[in-house]
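Let's take a walk through a protein model together.

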Amino acid sequence: MNQVIEIKNLSKWFDDFQVLKDINLNVKKGEKIVICGPSGSGKSTLIRCVNRLEVHQEGSVRVNGIELTDNVEVIESTRKVVGMVFQHFNLFPHLTILENLTLAPMWAKKLNKNEALEIANKYLDIVQIADQAHKYPGQLSGGQKQRVAIARSLCLKPEIMLFDEPTSALDPEMVKEVLDVMTKLAEEGMTMICVTHEMGFAKQVADRMVFMDEGKIVEESSPEEFFNNPKSERTKKFLNQILH
Amino acid sequence: MFKSKALRTWCHKNLFNSKMNSFLSVVIVVILFKFLSYFYAWFVTNAVWIGDAAACREASGACVVFIKEKYNFILFGFYPRAEIYRPILCIVLLLSLVIYSSYEKNWKKCTLILWALLFLVSTILMGGGIFSLPIVESDQWGGLPLTLILSVVGIFVSYPLGIVLALGRRSKMPIIRIFSTCYIELIRGVPMISLLFMSSVMFPLFLPEGVVIDKIIRAQIAIIMFVCAYMAEVVRGGLQAIPRGQYEAAEALGLNYFQTMRLVILPQALKVVIPPTVNTVIGMFKDTSLVIIIALFDLMSTMKTALKDPEWLGFNVEGYIFIALIYFMFCFSMGKYSRTLEKKFNRKGTLT
């Protein structure tokens, strides 16, 4: 009943190529899902369908019970409750860190400047980057940028967070600081869907693992079962590749 | 002593660091010297600075007297001599506001209000008719004020229009996209002269009888229509240069199309295309001289008219150099300003 995301029979094509094949996935409030799989398996495309950065051709996606269609108002209101963090951060380089954070609250949520600043400062504190508030993104390290990007999404007070390989573009020594922020967020009860290959993070945080290959969900199980006793051969092979 | 050594090292490094380079340096210095000494003789030694046309014809140098005699006409055309302070005031106000607006700290709404005020004031100043200013018909306007008005108003209107057209051309809505594309391709496909002709010859035929639109306004519209098509393509180049992630991040934050464009995409895109934008503006500034074909007397045409004075025939070089200097002054300042802007935005690290 308390499903916040319901994906039913979802199929999507890029021209002739089918990237998603009949996907079914439900996410409850507060649940943490980790999606993994080889590149090109459709993981990113799947979560991008949840905030309609990608348009699907068949099936349905419901967020908080509302079906995503071409209706612009529905899409915009959905995006305000679904935050997204990208692999390449996508901070706005012409704005300071603080301005990056206040932009959406001020314009999408119509808060006044002081309210927006208050929220922005709060989340900058949470991701421990308050001292960089007046710098430009170009002056920050990758890890700092990604923490700012997380804070930027949180400023809209979303109910759901989507993470699209948030640590893949980072130098190895910066991965931890970003994962720490994500772990903290998970502990606070945020509903999260993470596409990631950080298996340590997955073991620690995930309520459910989803393994995708060639546009299909191959395996869906609890982390214990997924790592210790995977059912499909494909999953075993994949885990062998990345864990050793 | 130290200085001369530094100079020697510099010369060696930059002018004589290879046989070919030394050869080119010598050749260029010789040519430069020849040219400068010729120019000096023409402009100073043999020039006529005081005298009349007859003295000029006898001398082999420049006839500075011609410019002294004609600069009023070249700069202000047929504007009544007694009222000449009005276009002068107009130019001073206009240039002051241009300089004021060029500082980033003045980029705010009240500057726009100043511009609106300026257009009102300069229309009143140039045309008269109220505040006991005698009426001066617009066909008596000419010279530098006309050139400046045509270009400044042209830029002001065609820049935003160009942005709208560029966004239109990339729109997801087919009707808007097709309209913008057709407009841009059509306008770019014809010479500006033909647009000016249409505005002056064909356009009045479509107006109801008795309705007359001033020739300057018609020329202004033709210029705007032409320039905004070019501006649109410049802006589109900038839009293309912004990575898709920027659009996605803005959309994922729940910003709508206009907010995404205004707050995220355009501020970056317009900065990227500063050099080609200024290029277009400079081109347009010079293209305003084409209005001669519909009998408007801009700076270029007043100079040509001054050359036809039977008393002062044959001083083309002086005339052309005079207005070339004026054009150069404006165009060079624009180029210089564009580089200042680029540097400023680069320093902020905002162009990454």
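Strands here are DSSP runs of type E with at least two residues, helices are H or I runs of at least four, and both are numbered from the N terminus. To count as paired, two strands need at least two bridges found by DSSP.

Before going on, a word about what you're looking at. This is a predicted model, where local features need pLDDT of at least 70, side-chain atom pairs count only at pLDDT 80 or more, and totals for chains, interfaces and linings use all residues. Residues are numbered from 1 along each chain as its sequence is written, chains are lettered from A and ligands numbered from 1 in the order in which they are written, and side-chain values use heavy atoms, with hydrogens and water left out.

Now zoom out from β4(A) and β5(A). In chain A, 4 strands make an open antiparallel sheet, in the order β2-β1-β4-β5. At the edges are β2 (17-28) and β5 (66-67) of chain A, each with a single partner strand, so one side of each has no neighbour in the sheet. Helix α1 (residues 43-50) of chain A packs on this sheet and touches β1 (3-14), β2 and β4 of chain A; touching, or contact, means heavy atoms within 4.5 Å. The direction of α1 makes about 125° with that of β1(A), using lines fitted to C-alpha atoms (for helices, over the stretch in contact) and angles from 0 to 180 degrees between N-to-C directions.

Next, find strand β3 (residues 32-36) of chain A. Is it buried or exposed? 5 of its 5 residues are buried, so β3(A) is largely enclosed by the rest of the structure. Buried means under 20% relative accessible area, exposed over 50%, and partly exposed in between (1.4 Å probe, protein chains only). A:Lys32, A:Val34 and A:Cys36 lie on one side of β3(A), with A:Ile33 and A:Ile35 on the other.

What does β3(A) pair with? Strand β8 (residues 191-195) of chain A is one parallel partner, over 4 bridges, and there A:Ile33 faces A:Ile193. Strand β9 (residues 208-213) of chain A also runs parallel to β3(A), with 4 bridges, and A:Ile35 has A:Val210 as its bridge partner.
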